[in-house]
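Trainee: I would like to go through some helices here. Where do we start?

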Amino acid sequence: MSNQTKSINLDIDGMTCAACAARIERILSKNSDVLDSSVSFPLKLATIDIIENSNFQLEEVIESVNKIGYKAREAQEENEHKKNKFNLYVPILSILLAASLKYFFQSGYDLIAYTLGFFIILFLGRNFHISAIKKLRHLDFNMDTLISLGSLSSLIISIIPVELITSTSISINDNKMFLDTGAFIISFLLIGKSVEDRVIEESVKTSESIKSRMPKTLIVLRNNKKIDIPIKEIQKEDLFDVKAGEIIPVDGIIVEGKSTVDESLLTGEALPIRKDVGEEVVGGSVNLEGLLKIEVVESYQQSTYNLIEDLIRNAQATKPKIQKSLDRITQLFVPLVLFISFSTFIYNFIFQDAEVLDALRNTIAILVIACPCALGLATPIVLFKTATVSKTRGFLFKNFDILQRFGDINNMVFDKTGTLSSGIFKITKIENPYQDITEENLLQLVSSLENYSQHPIAKSIVYEAELRDLELLPASNVKETSGVGIEGFVAEKMIVITKNKNSNLPSLKIMIDEKEFILNLEEESAIDLNFLEKLRKEKNITILSGDKEDNVRRFAEKHGIAEYYSNKDPEEKLQFIKDRQNNGGVIFIGDGINDSPAIKQADVGVTTSSSSQIAQVSGDILIYKGGLETLNEVFNLSKKSKFRINQNLFLAFIYNTLMIPLAVVGLITPNLAALAMALSSISVVLNSARKL
């Protein structure tokens, strides 16, 4: 346990596309102390996993990222995402200045035109050039390489005396007009980047809206002294006050006061919940009424809300297999484009006797049109949005590939007790042949004794008594025998409660002194028929339970489930999942400690917030809001996110597939190429940002 892993987040500045994220990830993975790394372009965030007690040096990692042209620093929770209210003004100004270059050249104001052109290409487009140069030193290429080459080539051609380029008689302004080509390339790309950043910023702002309301510091009572500390430094047994309307920052127990709290953010419970002294409250819930004094039971890092936020952030930072494949394609794609553009210039200029300016114009168009920006944006924004949406719909997933697998797997295996069934029993009939004792009296005596048992049936009977406002009486000489029953004295009456062996249904035999009574029970379902009906249309459903055959069969028949298995211990459940995996993927949904091996073995393990802690750790998807009906939301989001990525890939691939050949044959000018590339990226970003 001393070698536990620890995650560190780094803020990364200077990323312009998903290829940048892939480059940083490769650098991070070269560090021997880094177990795993993931870089999110939308979040501008890198997450690295290390061994907690290793000799890891964060400064070395930050320096390695800075060396390749980016700026890294350890992320601080209190850092808000940067906003630049002028992010649309600069590209608009740039395109207006680029459009004016032709007028200045034609009017003879060459100095003004060159000043504006140099300002646009070298100053406004400086980030593209700086990034390209730093990557070139490491023989690395990305979209910045193509943009920089295209715009700088246009600038250089515009200042070379025309007689040095060609001996053919051409207009004196032909080569000068390449300056506006470079300016338009930068301007259109700045517009595209601005739209991308605005869409991503809005998504991040939505995700962070609740977290921004959480207090950053807290006044706590520790060792009989009041101290103001950062929220991250709060400790168990600290005491703090929460006023009406404030968010409860960490999990705790009420030691003074009573109130109603809103836990809808965490549990989906729409109605406020009454809380009194001795009851637990969870971090992230809102105190709606009076002043509460709360004792901390979990550190900030382990509080319910923070764990949920960490799971979401980790899911957003993960990189799906398809994105890793696209990153590799991008690494090969840019050198290939450089080769195609150079070959096209040689072919047109030498073999087709084309004018040098026409050949150069064609070459620059290829460089610009081939930038794989849209390809790099196809998945990151969808991934980020999916993780955010899953939180609002009541479930969390550990990584994107798991969610995708959920939609592709047809076999779903459910545990029964506590998963499909609630574990709560209701009394269907009381067999009482005696007139001197009423049903209410009988239930009061039985529940008073069952109050000393932890068995699910005992708890259900006590719950029924509480619903009927029956007072629980004290019991004495209580003796419980596991698997047999419980006995004791209540109101000077000897009560013995055992299983009714004469019934295949859940039933209790009750002896009060010498009188015999029968309580017939039925376990309540945790689901509704509509949920299973919808799910059966998409998946093959199997029940795998440790309960008795009669109970499992009756439950399966009631809910229309044809395949079911009973009396299975944890080892048998595990083996069943392994055998079923021979014929395809398996989703297993369970809740108890005995389900954990099967949950871990399954291709996708699903647990709920009511599951045991070990089951939640073993699972891949955690439903923390609502019941199993949320599985339909999981399935729908899985399908929609996958479809959205496929749409983006189509938009990106069809763009490059159609546009590059047109640029090769000279049907696209560099200006049009820059506009088309910017519009391609914008179309992918806007498609990603649509409601899932």
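Mentor: With a definition: the expected span of a helix is 1.5 Å times one less than its number of residues. Helices are DSSP runs of H or I, at least four residues, numbered from the N terminus. The model is predicted: local features need pLDDT of at least 70, side-chain atom pairs pLDDT 80 or more, while totals for chains, interfaces and linings use all residues. Residues are numbered from 1 along each chain, and side-chain values use heavy atoms, without hydrogens and water.

Trainee: How far does helix 14 reach from its first C-alpha to its last?

Mentor: Helix 14 covers residues 380-392. It has 13 residues, and 18 Å is expected at 1.5 Å a residue. The reach is close to that: 19 Å.

Trainee: Why is helix 14 largely enclosed by the rest of the structure?

Mentor: Buried means under 20% relative accessible area (1.4 Å probe, protein chains only). Phe-384 and Lys-385 are among the buried residues of helix 14. Helix 14 is largely enclosed because the buried count is 12 of the 13 residues.

Trainee: Is helix 14 roughly parallel or roughly antiparallel to helix 24?

Mentor: Axes are lines fitted to C-alpha atoms over the stretch in contact, with angles from 0 to 180 degrees between N-to-C directions. The helix 14 and helix 24 axes lie 9 Å apart, at about 15°. Under 35 degrees counts as roughly parallel, over 145 as roughly antiparallel. So helix 14 is, relative to helix 24, roughly parallel.

Trainee: Which residues in helix 24 meet helix 14?

Mentor: Contact means heavy atoms within 4.5 Å. Helix 14 brings Ile-381, Val-382 and Lys-385. Helix 24 answers with Val-685, Ser-688 and Ala-689.

Definitions and conventions:
Helix = DSSP H or I, 4+ residues; strand = E, 2+ residues; numbered from the N terminus. Parallel < 35°, antiparallel > 145°, perpendicular 65-115°, else oblique. Buried < 20%, exposed > 50% of the residue type's maximum accessible area, 1.4 Å probe, protein only.
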